[in-house]
Amino acid sequence: MVSRKVSRRRFVASTAAASTALVAAPFVRGAYAAGKLSLGLWDHWVPGANKATEDVIKAWADKEKVEVTLDFITSQGNKLLLTTAAEAQAKSGHDILAFSTWLPARYSEQLVSMNDVVEPLIKQNGAVNGTVEYLGKVGGKWLAVPATVGSQMKGPCSRIDLMKQLAGIDVQAMYPAGSPPKADAWTLDAFLKAAEACQKGGHAFGIGLGTTSDSVDTAGAIFHSFGAVLVDAKGDITVKNDKVRQALEYYKKLIAFLPEDAPAWDDASNNKWLVSGKGALIMNPPSAWAVAKRDAPKVAEQCWTHGFPSGPAGRFGPFLPFFWGTWSFSKNQSAAKSLLTAMSQPEAAEKMVIASGGYDLPSFEKLTTFKTWAEESPPKGTLYHYPNPHNHQTLSIAAAPAPHKIAEQIYTQGIQTQMAVRFAKGETMDKTLDWAAKEIEGFMRN
Amino acid sequence: MADIAARGPVAIAGGRSSLHKLMQRKSTIAFLMALPLILLILTLVAYPAGYAVYLAMLNKGMTKFVGFGNFDFLFGRETFWMVVYQSCLFAITAVIFKAIIGFVVAHFVHNIPSKGQRKWRGMLLVPWVIPPAMSTLAWLWLFDPSYSAFNWILAGFGIDRIPWTGETGWARFSVILVNVWIGAPFFMIMYLAALKSVPEQLYEAASIDGATWWQRIWYVTLPMMRNIIAITALFSLIVTFANFDIVRVLTKGDPLNTTHVFATWAFRVGIESGDIPLGASVSLFMVPILAVAATFILRDITKRGSEV
């Protein structure tokens, strides 16, 4: 028997080489390559929508002979958020986890680079919008893969009849099904006039002014429409500028036509406002329309989802993407990447979109023209413009382009809606700006 | 060699007997019986509490120790002081009202003939027994910004709708009201137990001396219930300061953060905004203040106990 003495230097070099080979190796199916993979995915609120994802994963698992464990985790009561925080702290958990909007950046140091997955997907499926890139790619590293499931737009969902009767606006003519928008006249001024007319007609626009996501997203898009940025990309506070003042002046006028209790609204309030027949317009993905289809079909028949009004700086629609990411402590990273590639194929994305009734939005350019959006009804074509098929508006997120750790706090603490409400309630402009600047100063700490 | 051999078994026997004696001591048995609970407390209370203190002393990125830096930072924040004010207002007002309502209702129940008393006791405990997150959901529907059942009733009487959760004053009133509704039965049951332990002879003696209704309460009932009142108030104050579910479900801290209490603000800052050390600092802020209050109240109770 020949024994061979291995020097310390050789041992370290061999171990490092072996580890690198293991991590970097492509996922190859073989009798011993299978292993296990656990996933924690967002539990869809559209009944049956999880099934499409489940089918895609099962097909991949059968083909690759991998034992997959699948957990659908609800975002109700922040369960998904808490699970993510717990896994990050414990450095243990699912191999693939669904990360909501800001979380890839929050956990950037603990996530595996997905460049080798996302870059080929971009080549295949087309570019992703700027918001997805801002949220998912930091320092040239894709932190996670843009997910179809859960990604959404929060543009206007208008009542065709009420907008026509009370504001004289034909939203179907402005955003015709199957054709590019003819919405040059759909500006923030027109929006304000329509809000006033509908409020006087007893059907006010249902826009929340609380600190939950729906309220913040609308505020973010309106601020962007004025070019109003609270913190720039370099991290400098830019609260005290004329564009922010203009946005606040506009909001003050708008708030006068919104329901009085809008500062107390949460993400369910606007849905109820539309479904009950009280509102002429809300800012929401088609979930409110889907509920109306079930509970108030007459209301659903009059709903039309379309683009955001444009402001002096352009037309911005709020986009909230979800991501699928893999922790650096995951033990089966190559299998995870293989599965994520399978989940992002056009056929898989289309299945997910169909199962969600058009709610889910793929982030890739070539995947925004599936038949579902054109065919969903009533009325037919109601969701045609939901995925922004004609790139009519810039998809945006509130608080961008601030560095993520600052932007996330501006977003989650609803700084923009709070500024709007403070100013509208009679606080002076300077005091509101001072308050915001001081709050944001507090977000700068490392 | 022989000595050693002889000493060995004796020493072992001595060891066994001292272990035997130790095991027969009441204090040892008590300790062993309490051990599972001690371990449970260490795991579920002491460790998380210690970990929270550790987290509160880290920087935002959780990469370096900053001592009391997070607290220092909080002291300079306007929103934080608003949360301190709101938490104190919420806890103190709610405890006062729970104590008053609990005291009054306990007297009513105490005066019901014992045959029907159990039914009333059971019914009155219902708000306390239902999980608060669930009952608060029912309150949320009653206060709903747009479809409030209360406003619907008020409209029936021609009264203007009230922005229950939409305006700061009303929103604060609403969260306190729900807390009082949930917590008053606890006071009621504690006070009822205390009332039942007041010797009837004291009231008889007071009646013979011509004491009025008020004098009987002031000079007999209250002194006899003093310890229970103090303990209940202290316990409730701590629990109310730590309340999370009512504000979280009912207002989420809105409008304009004016209904946030420590726990909900800590959640907003720590979990939702990703600053766990700052969230931990917010949640720990009241610990020293409540600890001092608890020490004084418990010392007073012990002192009175030894006087009796």
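**Strand pairing.** I start with a rule: two strands pair if DSSP finds at least two bridges between them. Helices (H or I, at least four residues) and strands (E, at least two) are DSSP runs, numbered from the N terminus.

**Ground rules.** I note that this is a predicted model, where local features need pLDDT of at least 70, side-chain atom pairs count only at pLDDT 80 or more, and totals for chains, interfaces and linings use all residues. Residues are numbered from 1 along each chain as its sequence is written, while chains are lettered from A and ligands numbered from 1 in the order in which they are written.

**Entry 1: strand β11 of chain A.**
- β3(A), residues 96-99, pairs with β11(A) in the antiparallel sense over three bridges, and I found Phe99(A) bridged to Phe323(A).
- β6(A), residues 145-153, runs antiparallel to β11(A), with five bridges joining them; here Ala147(A) has Phe322(A) as its bridge partner.
- β10(A), residues 310-311, is also antiparallel to β11(A), over two bridges, and a hairpin of two residues links them. Gly311(A) is bridged to Gly314(A).
- β12(A), residues 394-396, runs parallel to β11(A) with three bridges, and Pro318(A) stands opposite Ser396(A).

For "buried" I use 20 or more other C-beta atoms within 10 Å of a residue's own, with C-beta atoms placed from the backbone.

**Entry 2: the cores.** A nonpolar core is a set of buried Ala, Val, Leu, Ile, Met, Phe, Trp, Tyr and Cys residues joined through C-beta atoms within 7 Å. The largest one has 185 residues, and Leu230(A), Ile410(A), Ala420(A) and Phe262(B) touch the most other members. Helix α8 of chain B (residues 168-196) gives the largest share, 14 residues. I also found a second, separate core of five residues, including Leu55(B) and Ile276(B).

I then picked Ile410(A). Beyond its neighbours within four places in sequence, its contacts (C-beta atoms, placed from the backbone, within 7 Å) include Leu230(A), Ala399(A) and Phe443(A).

**Entry 3: where the chains meet.** How many residues does each chain bring to the contact? Chain A brings 30 and chain B brings 25. On the side of chain A, the elements giving two or more residues include α3 (79-90) and α20 (429-443).

Key:
Buried ≥ 20, exposed ≤ 12 C-beta atoms within 10 Å, placed from the backbone. Contact = placed C-beta atoms within 7 Å.
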